[in-house]
Amino acid sequence: MIKIVTVNSKKELASFIDFPHDLYQDDPNYVPELFIAQRDLLTIHPFHKHNQVQTFLAYDGDKIVGRIAAILNNAHNKFNSTNDGFFGFFDCINNKEVATTLFNTVTDWLKQKGVTEKLIGPVNFSTNEPCGLLIEGFDSPPFLMQTYNAPYYTDLIDGFGFTKNADLIAWHWDDKSYDDKSVRLLNALEERLKRSNIVIRTLNMKKFKEEAVKLREVYNSAWDHNEGFVPLSDDEYDYLAKDLKLILDPDFVLVAEQEGKIVAFGLALPNYNEIFKKIKRGRLLPTGIFKLLFGRKKIQSLRIYALGVIEGYRKMGIEACLYGTIIKEYKRKGMKQAEAGWTLEHNDMVNRAIEAINGNPYKKYRLYEKAI
């Protein structure tokens, strides 16, 4: 008999956060999330001000065998004129009964909240955060803020009757795959953009707050037609910007500007998962903090986290310029790997820009849906 426990206490929350560490203890590609970051996400993140999240643990006897979160994203439903619910933070042993019990628990909770259309996931909490189930590319660790799961998860989710909502692609470069042809293409594109008074520059860190305000409009408008996208509230955006400021490298934060107006941006982040992989159970204390502080300068890989262009400035080559400039900089710094991801599988404009600079589609993630 599988027992479901509603997570309410600090102890239960710690068990919820820690369960994947035990589940994947023998998996060489697993990267633990930082405990403090997961705790704050599940308790004090601004998302909770306007939406509802309930987490659950599945027990077989006194042993935890699964976890899941039910998510009522009111902003998503209002923005998209839908009445959907979401699941996230799904981890489970390879057991159909456990998975089915977890999904039924989420479905029942969402029905009680008045959800009548679809159950979508996995998302933690929306597409603004880590999302998607890994379905291809299990042979390497995830990059920063990407999900990871065992291959058998696909069978568990398919077995409950979920179907594909959308596929997300992650692209890869190594230190040899960015060639001179791509550099020449980049230079030509930059010259063409200059004729429209569009220049590519790095973010001015001395005016970070001012620049961040300008970028918010671009962020919330550039993905307005993506599946599942919801504009960030001011509080959510400020929370994200504050977190990213702690880990970003200014050389990898680019904007496209036309006569003082930011029309696009590209943001790449050092792949801190290289360090997190070495921090046992995601605890910074007592020794994890030193691994973080002393390891950050040794990071050899990069994740292109976000790239957006506002309507009216697309199909001008800005996307290729931003991607190309970031990859060129990573090469200059002697880094060994880069990932761009994710992109929607049918976003031909962005995907062609990545292909033009030799991006290799090496991982695929899937969002699922099921009628409630």
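I began with the lining of the largest cavity: by class it holds 15 nonpolar residues, no polar ones and no charged ones. My classes put Ala, Val, Leu, Ile, Met, Phe, Trp, Tyr, Cys and Pro under nonpolar, Asp, Glu, Lys and Arg under charged, and the others, Gly among them, under polar.

Housekeeping: this is a predicted model, where local features need pLDDT of at least 70 and side-chain atom pairs count only at pLDDT 80 or more, while totals for chains, interfaces and linings use all residues. Residues are numbered from 1 along each chain as its sequence is written, and side-chain values use heavy atoms, with hydrogens and water left out.

**Cavities**

For a cavity I took a set of points, on a 1 Å grid over the protein atoms alone, where a 1.4 Å probe fits but cannot get out; a lining residue has an atom within 4 Å of a point. Points are joined across faces, edges and corners, and a volume is the space filled by probe spheres set on the points.

I got two cavities of 30 Å³ or more. The largest cavity has about 210 Å³ of space. Of its 15 lining residues, L215, Y237, A241, L244 and L267 are the closest to the centre. I then checked which elements give two or more residues to this lining, and they are α8 (208-222), α9 (234-247), β10 and β11 (301-309). Helices here are DSSP runs of H or I with at least four residues, strands are E runs of at least two, and both are numbered from the N terminus.

The second largest cavity comes to about 60 Å³. Its lining is F47, N51, N73, A75, S126, N128, E129, V230, P231, L232 and E236. That lining splits into five nonpolar, four polar and two charged residues.

**Backbone**

Most residues other than glycine have a negative phi, and most peptide bonds are trans, so I went looking for exceptions.

I found a cis bond from G121 to P122, with omega near 0°. P122 sits in the loop between β5 (118-121) and β6 (133-136). The bond from N124 to F125 is cis too, with omega near 20°, and F125 is in the loop between β5 and β6.

S81 is not a glycine, yet its phi is positive at about 55°. I placed S81 in the loop between α4 (74-80) and β4 (85-92). Is S81 buried or exposed? S81 is exposed, at 66% relative accessible area; the cut-offs are under 20% for buried, over 50% for exposed and partly exposed in between, with a 1.4 Å probe and protein chains only.

E259, also not a glycine, has a positive phi of about 50°. I located E259 in the loop between β9 (253-258) and β10 (261-270), and E259 counts as exposed at 69% relative accessibility.

How values were computed
On a 1 Å grid over the protein atoms alone, a cavity is a set of points where a 1.4 Å probe fits but cannot get out, and a pocket is an open set with protein on both sides within 12 Å along at least five of seven lines; lining residues have an atom within 4 Å of a point.
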